[in-house]
Amino acid sequence: MDSALLIPVISVILGALIAVIFFRNYFSKRRSEVQTISHPELPSDPKKHQKPLQTKKSHYKSHSHSHSSDKDQNKKHHPLDLNTLKGHGDSVTGLCFSSDGSSLATACGDGMIRVFKLDDASSKSFKFLRINVPAGGHPTAVTFGDDASSVIISSQGLSGSSLYMYGEEKAKASDETKQQTKLPLPEIKWENHKVHDKKSVLTLVGATASYGSADGSTIVASCSEGTDIRLWHAKTGKLLGDVDTNQLKNTMATLSPNGRFIAAAAFTADVKVWEVVYSKDGSVKEVLRVMQLKGHKSAVTWLCFTPNSEQIITASKDGSMRIWNINVRYHLDEDPKTLKVFPIPLHDSNGATLYYDRLNISPDGKILAVTHGSTLQWLCVETGKVLDTAEKAHDGDITWISWAPKPIPSGGKRVLVLATASVDKKVKLWAAPSLS
């Protein structure tokens, strides 16, 4: 009986010894690995190892440090890249310069509007004002009102689209000295809800009404993803008029710089144009459809007015761009004329022509900025030739582009600046290319 018990006892003891030896070797090896990870080979200068911690002391220092390294990469990427505005927490859905070019407002999917002060486009850091969109809404577009202190935004929520106008909060007498050292606080001056029922606002564009008897106030056009476009008074939020494109689905709409015309690109190859008619007292009387641009063979993807409000530039999926003269006597049935037709000079790896997502003309009317996905190009308006290309201007699709209305300071000189927004959570500033 004793000999029968001895064999299993010895087996248990031997098994236990083997397990102890195995686990001892295993934990010894793990401890060695952990020590290797925890204490890697130290640099020769321990101060270098501590440097990254110093950037956490200041927001601007941290921004400047990351900005400088990114800027070095961007410079290698493209020489026209001036700067990158960071700090956005989600896709940047829209942007707009103030009329004097001193401020740039951005709309972001993180629920915030940011208004950057552009004292110098090449600065390492920028002062900016955060505006939180009311809860439950996501900003889709932004434009300025009568001046840089008023911002109009479109916000999409479950109940539909809303428009808000933010303006400076009036400072109390006792706070005047404090207000001088800070950016003015915004407050909602007016708001309109369900402006396009439950449809989202695709574009929101403002213009100074300066044509004919117009009173010089700012008007704003909101274009829905449906077929309706509405015209608003920027200061009061009053609805001035609305139109229906009757083209299945809108792509975008914009106003002429003088506030005279509204033009829309939609599902079809034709572009419809309406005139904003003003009363003798300067107010908007009515909005009338006055002409239609016919000539493209496929859907128009984007359009813009020239600075003098007398021409429209269109890009189409048919692979062409057209410049139209709309300074015609349409009341005498004179049709708008095609002045120039250019082939789109952008192709894929197989040689097939690509189409442009967006286009925007420089304030001097000489350079057309265009995009396709993350590609940015600058074209000569006179010839249609490519002036420069940034094949990967952003790390994702470009969502909006806009030129500053006048040259702004950059590194001791004044330059024409283009701003681009993207799904990559960044806004970039670009210098205009040379025409020669």
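The questions and answers below walk through a predicted model of one protein, from its overall make-up to single residues.

User: How many helices and strands are there in the protein?
Analyst: The protein has 436 residues, of which 47% count as buried. Among its contacts between residues at least 6 apart in sequence, 49% join residues at least 24 apart. As for secondary structure, the count is 4 helices and 31 strands.

User: What average pLDDT does the protein have, and over which residues does pLDDT stay under 50?
Analyst: The protein averages a pLDDT of 85, and 80% of the residues score at least 70. The value stays under 50, however, over residues 29-69, a stretch for which the model has 16 contacts beyond four places in sequence. Over residues 176-181, which have 3 contacts in the model beyond near neighbours in sequence, the pLDDT is also below 50; the answer is therefore an average of 85, with values under 50 over stretches including residues 29-69.

User: Which strand gives the most to the lining of the largest pocket?
Analyst: The largest pocket, with about 1,100 Å³ of space, is lined by 41 residues, and those nearest its centre are V205, G206, P257, S402 and W403. At least two lining residues come from each of β2 (92-97), β6 (138-144), β11 (201-208), β15 (250-255), β19 (300-305), β23 (358-361) and β27 (398-403). The lining divides into 25 nonpolar, 13 polar and 3 charged residues. With 5 residues, the strand that gives the most is β11.

User: Which element supplies the largest share of the lining of the largest cavity?
Analyst: The structure holds 3 cavities of 30 Å³ or more, and the largest cavity has a volume of about 60 Å³. Its lining consists of I313, M321, R322, I323, F342, L368, L379, C380, V381 and G384, which divide into 8 nonpolar, 1 polar and 1 charged. Two or more of the lining residues come from each of β21 (320-325) and β25 (375-380). The largest share, 3 residues, comes from β21.

User: Is L248, which has a positive phi although it is not a glycine, buried or exposed?
Analyst: Most residues other than glycine have a negative phi. L248, with a positive phi of about 70 degrees, is found in the loop between β14 (239-244) and β15. Its relative accessible area is 68%, and because a residue over 50% counts as exposed, L248 is exposed.

User: Is S309 buried or exposed?
Analyst: S309, too, is not a glycine and has a positive phi, in this case of about 65 degrees, and it is found in the loop between β19 and β20 (311-316). The relative accessibility of S309 is 4%, and because a value under 20% counts as buried, S309 is buried.

User: With which residues is S298 in contact, leaving aside its neighbours within four places in sequence?
Analyst: S298 lies in the loop between β18 (284-293) and β19, and at 25% relative accessibility it counts as partly exposed. The C-alpha atoms of S298 and A315 are separated by 9.9 Å, although these residues are 17 apart along the chain. Leaving aside its neighbours within four places in sequence, S298 is in contact with A269, S316, K317 and D318.

Conventions. Residues are numbered from 1 along each chain as its sequence is written. This is a predicted model: local features need pLDDT of at least 70, side-chain atom pairs count only at pLDDT 80 or more; totals for chains, interfaces and linings use all residues. Side-chain values use heavy atoms; hydrogens and water are left out. On a 1 Å grid over the protein atoms alone, a cavity is a set of points where a 1.4 Å probe fits but cannot get out, and a pocket is an open set with protein on both sides within 12 Å along at least five of seven lines; lining residues have an atom within 4 Å of a point. Grid points are joined across faces, edges and corners, and a volume is the space filled by probe spheres set on the points. Ala, Val, Leu, Ile, Met, Phe, Trp, Tyr, Cys and Pro count as nonpolar, Asp, Glu, Lys and Arg as charged, and the others, Gly among them, as polar. Buried means under 20% relative accessible area, exposed over 50%, partly exposed in between (1.4 Å probe, protein chains only). pLDDT is the predictor's confidence in each residue, from 0 to 100. Contact means heavy atoms within 4.5 Å.
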